[in-house]
Amino acid sequence: MSDCIFCKIIKGEIPSQKVYEDDLVLAFNDVSPQSPTHILVIPKEHISSLNAVDDSNKDLIGHIFSVISKISKEKGFAEAGYRVVNNCGNDGGQTVGHIHFHLLAGRQLQWPPG
C-alpha cells in the first residue's frame, strides 16, 4: 500500500532501527518507546488489522509470534517477562492501518494498561 508508513519502512523508504528481519517479518525499535524495550513487529505483507486475519494469512501471524519469542530470548528479557499488544480499530487505539504488534519489556508493566 503506497501511503502506509509501515510499508514504506519495509521498502526502506523510511529508515528504522531494525531488530530482526526475515522474508516475512520486520521488527524495529519504536520511535516513541513506552518502555525501555519497545519493538514493533510487522508482517511484510500489508494486512490492515487483526480483523483482516483469516485462513489465508493465519500461518504468518503464527510466525510473527514465533519471531517475538525468538527476539525476547535473544534480547534477554524472556525470563523477566514482556507484553505483546495489538491495537485493533479506532476504539482499540490502532493508529497505523497495518497490523503490528508492540513488544514491551524492561520494566514492571502495570495492569490495566490504560
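A search of the whole structure finds 0 disulfides, where a disulfide is counted as a pair of cysteine sulfur atoms within 2.5 Å. This is a predicted model, in which local features need pLDDT of at least 70 and side-chain atom pairs count only at pLDDT 80 or more, while totals for chains, interfaces and linings use all residues. Residues are numbered from 1 along each chain as its sequence is written, and side-chain values use heavy atoms, with hydrogens and water left out.

**Cysteines**
- The sulfur of cysteine 4 has its closest cysteine sulfur in cysteine 7, at 3.7 Å, which is too far for a bond.
- Cysteine 4 is buried, with a relative accessible area of 6%, and cysteine 7 also counts as buried at 6% relative accessibility (buried means under 20% relative accessible area, exposed over 50%, and partly exposed in between, with a 1.4 Å probe and protein chains only).

**Histidine 100**
- The UniProt annotation "active site", from an unreviewed entry, covers His100; such annotations may be inferred rather than shown by experiment, and their positions follow the numbering used here, with feature names shortened.
- Histidine 100 lies in the loop between helix H3 (89–92) and strand S5 (101–105), where helices (H or I, at least four residues) and strands (E, at least two) are DSSP runs numbered from the N terminus.
- Histidine 100 is buried, with a relative accessible area of 4%.
- Leaving aside neighbours within four places in sequence, histidine 100 is in contact (heavy atoms within 4.5 Å) with Phe6, Leu40, Val41, Ile42, Val85 and Asn86.

**Strands S1 and S2**
- Strand S1 (residues 18–21) and strand S2 (residues 25–29) run antiparallel and are joined by 3 bridges, and two strands pair if DSSP finds at least two bridges between them.
- A hairpin of 3 residues joins S1 to S2, and lysine 18 stands opposite phenylalanine 28 in S2.
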